[in-house]
Amino acid sequence: MGSVAKKGLQQYLVQLQRHPLRTKVITAGVLSAVSDIVAQKLSGIQKLQLKRLLLKVIFGAAYLGPLGHYFHILLDKIFKGKKDSSTVAKKVVLEQLTISPWNNLMFMVYYGLVIEGRPWIHAKSKIKKEYPKVLYTSWTFWPVVGWVNHQYVPLQFRVILHSVVACFWGIFLNLRARSLAKS
């Protein structure tokens, strides 16, 4: 690894140790930006929509980063930091039945109301139609991520891994929401 990259990673890890919430908030915001830029380009948007990008950064930094930080701490307290297969399975099931559906719903509501500026009745109609498909897709993808995260990743890095994977999930959700906007 180059010395600049290595030094940057070391500084990041120091910040993560000293200021875990702040570092996770910034990381979630930056990765939300990356996710949205990629999604905008993949969906054929020629000129970057800066307002949309800023709104996605706000969602990542103000909602996803803090929620993930506290949720993973809570899970570790509930299950006393255990990492045996039975406990990890319980964590994954709890995660998939609580925070996963909630996060997907909140993203769809936020996207429809705030990013697209749709009236509630239109956003609600799209959510009612598409939420089951998004949730099903989520449940075929995120349990594997959750298993790896809870089994092998130390607590202080779980939100970071989750945010990196969520960057790609965000691209999927953005492209899905974008295709819905055309329908």
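Biologist: Which residues do ring pairs link into a cluster?

Modeller: Rings of Phe, Tyr and Trp (its six-membered ring) pair if their centres lie within 6.5 Å; planes under 30 degrees apart are stacked, over 60 edge-to-face, and the rest tilted. Here, ring pairs join Phe59, Tyr63, Phe107, Tyr110 and Tyr111 into a cluster. The model is predicted: local features need pLDDT of at least 70, side-chain atom pairs count only at pLDDT 80 or more, and totals for chains, interfaces and linings use all residues. Residues are numbered from 1 along each chain as its sequence is written, and side-chain values use heavy atoms, without hydrogens and water.

Biologist: How many aromatic pairs does this rule give?

Modeller: The count is eight aromatic pairs. The ring centres of Phe141 and Trp142 are 5.2 Å apart and their planes lie at 80°, so this pair is edge-to-face. Trp142 also forms an edge-to-face pair with Trp169, at 6.2 Å centre to centre and 80° between the planes.

Biologist: Are Trp142 and Trp169 buried or exposed?

Modeller: Buried means under 20% relative accessible area, exposed over 50%, and partly exposed in between (1.4 Å probe, protein chains only). Both Trp142 and Trp169 are buried; the value for Trp142 is 7%. Phe141, at 33%, is partly exposed.

Biologist: What is the relative accessible area of Val30?

Modeller: For Val30 the relative accessible area is 47%, so Val30 is partly exposed.
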